[in-house]
Amino acid sequence: MISEVPEIHTGWGLNLKARGFSADNFEEVRRFRENNLTRGVIPSGLSRSYGDSSISSGGVRFKSSNYRGISIDALTGLADCGSGVSIRDLEYEAHLRGFLPPVVPGTGFVTLGGAFASDIHGKSQQTDGNFSDHVSSISVIDGEGFERKFAPESEEFKATAGGMGLTGFISRLEIKLKKVDIPMVYQEEVRVRNLSEMLSTLEGLEAKYPYTVAWIDLSGSYEGRGLISGGRFAVEREVSGTKKLDFGFDKTPKVTSVPFLGYFNFMKYPSIRAFNEFWYRKPLKEGLATFPKFMHPLDSIGNWNKIYGKSGFVQYQIVISDENREVLFQILSLLKKHKVSSFLTVLKKFGHKGSGYLSFPMPGWTLAMDFASDSKNLSQVIRVLDKMVISSGGRVYLTKDSTSSPDSIALMYQDLEKWKSIKRKMDPSNFWQSDQSRRLNLC
Ligand SMILES: Cc1cc2nc3c(=O)[nH]c(=O)nc-3n(C[C@H](O)[C@H](O)[C@H](O)COP(=O)(O)OP(=O)(O)OC[C@H]3O[C@@H](n4cnc5c(N)ncnc54)[C@H](O)[C@@H]3O)c2cc1C
């Protein structure tokens with residue numbers, strides 16, 4: 001059904017808002033647009049993208065909630081799925097048959113359509129690549145309303161992987177699952193005192209663990225101290241003796257909520273500093289963890305994004321090449337100088353370039369920072385960060401972006417013109433549009 005009156009739509013950052021309609025039936029959307037709308041329609045999953053990529057002011061947010069169903073071939077591990085299926089649901093069904101999805105993000109509340117449209121990466125990017133590397137076909141409803149199936153070699157597949165929903169609505173995907181004997185993780189955490197130690201320890205841990213990620217303290221003295229977490233699948237002897245193993249996969253995951261906090265932003269410098277101090281000193285983990293807890297640590301709290309109050313927050317995620325690792329030190333100095341702090345900062349090494357024309361990953365370092373939108377000096381700092389990223393040949397992640405300009409995106413994404421030519425071919429009337437695509441001149 002299409003909503004009768006416009007609603008307020010936001011992304012996970014709650015910083016950008018759009019007044020638009022929502023719908024879950026494609027024929028209704030098409031009729032509605034022909035009769036009423038000049039603004040476009042944008043596909044939407046579970047709205048875990050941070051900025052304005054799945055909202056359209058004056059347009060329609062077309063939800064994938066009716067595109068369900070998972071069918072897994074128990075021999076080959078090929079999963080045929082509706083795009084509205086969540087990563088959590090796929091993990092649950094796959095683990096029952098001895099498989100798991102090879103690439104999963106930091107939250108399981110992401111749809112498969114959204115995962116493909118952002119060409120997401122996980123903690124094993126350096127070994128497993130990106131989400132689209134494990135997809136053997138997609139079905140897409142293009143701008144003319146035709147549903148077509150594409151294989152990985154086609155230019156339409158490459159334009160849709162990381163294409164932010166702008167080449168069409170993904171209705172189904174075939175995903176190659178990974179065979180897993182014991183769906184439990186053995187994890188180890190290491191504490192490091194500064195950024196140099198962090199980079200070398202992270203690289204060292206990669207030899208031991210396929211899953212690695214680091215949390216950095218971006219407050220206080222901004223030296224880049226933090227915790228590194230490594231993980232691998234558990235082996236038989238580590239679980240033997242445990243009477244009844246709880247693998248931790250829930251068909252209906254239990255989620256608690258942060259109590260209503262009013263419209264106040266709790267993430268001011270003193271509370272960010274206090275949290276980071278506490279987190280840095282927490283006891284280190286070593287031993288077995290469930291796959292969902294290890295991969296999606298924040299999923300038990302449903303609405304943690306509300307702690308930033310009514311103006312929300314900006315997530316700024318970049319990747320830069322290894323030769324330019326100096327830029328990471330410069331970023332710390334810049335943030336220290338302007339006293340801009342990030343509540344939750346994540347660093348990880350990438351090993352593979354994405355195969356989509358607008359895929360974000362490339363070999364090097366990725367850093368994701370969360371800034372309260374009302375932080376003093378934030379826009380000035382982001383302008384400098386953009387320049388640093390561009391001059392070092394890096395880029396920002398479109399699914400997190402809410403601040404970039406058309407010029408900066410053109411410099412960051414070398415295949416942008418190629419992508420635009422395929423967008424024009426698949427969607428000549430710009431049926432599919434978002435606030436982000438208009439902001440960045442992507443349509
Ligand atoms: C806590 C948290 C942790 C995260 N961790 C990671 C991480 O580790 N790695 C990572 O890469 N990302 C991560 N993300 C980002 C997230 O994986 C992406 O933003 C993902 O695209 C969100 O999927 P969604 O279903 O919520 O899609 P939405 O947010 O609703 O949409 C995102 C984009 O996908 C498009 N889209 C959605 N569904 C379809 C469809 N059926 N057809 C075509 N286009 C579609 C939309 O138009 C939009 O452009 C994280 C986000 C959060 C909130």
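This is a predicted model: local features need pLDDT of at least 70, side-chain atom pairs count only at pLDDT 80 or more; totals for chains, interfaces and linings use all residues.
Stop 1

**Stop 2: where the domains meet.** Next, look at the boundary, where 29 residues of domain 1 are in contact with 31 residues of domain 2. Now select helix H2 (87-96), helix H4 (125-128) and helix H5 (155-160): each gives at least two residues to the side of domain 1 that touches domain 2. Which helix supplies the largest share of that side? That is H2, with 4 residues. If you colour this side of domain 1 by class, you will find 8 nonpolar, 15 polar and 6 charged residues.

**Stop 3: helix H10.** Move on to residues 326-338, which form helix H10. Its 13 residues reach 19 Å from the first C-alpha to the last, close to the 18 Å expected at 1.5 Å a residue. Show the side chains of Val327, Leu328, Ile331, Leu332 and Leu335, which are buried. Turn the view to look down the axis of H10: the buried residues fall within an arc of 150°, so they line one face of the helix. Glu326, Ser333 and Lys337, on the other side of H10, are exposed.

**Stop 4: around and after H10.** What covers the buried residues of H10? Select helix H6 (195-205), strand S13 (211-218), strand S16 (313-320), strand S18 (364-372) and helix H11 (378-391), which are included in that cover. Finish at Lys339, which follows H10 and has a positive phi, near 55°.

Terms used:
Residues are numbered from 1 along each chain as its sequence is written. The expected span of a helix is 1.5 Å times one less than its number of residues. A residue is buried if 20 or more other C-beta atoms lie within 10 Å of its own, exposed if 12 or fewer, and partly exposed in between; C-beta atoms are placed from the backbone. The arc is that of the directions from the helix axis to the C-beta atoms. Two residues are in contact if their C-beta atoms, placed from the backbone, lie within 7 Å. Ala, Val, Leu, Ile, Met, Phe, Trp, Tyr, Cys and Pro count as nonpolar, Asp, Glu, Lys and Arg as charged, and the others, Gly among them, as polar.
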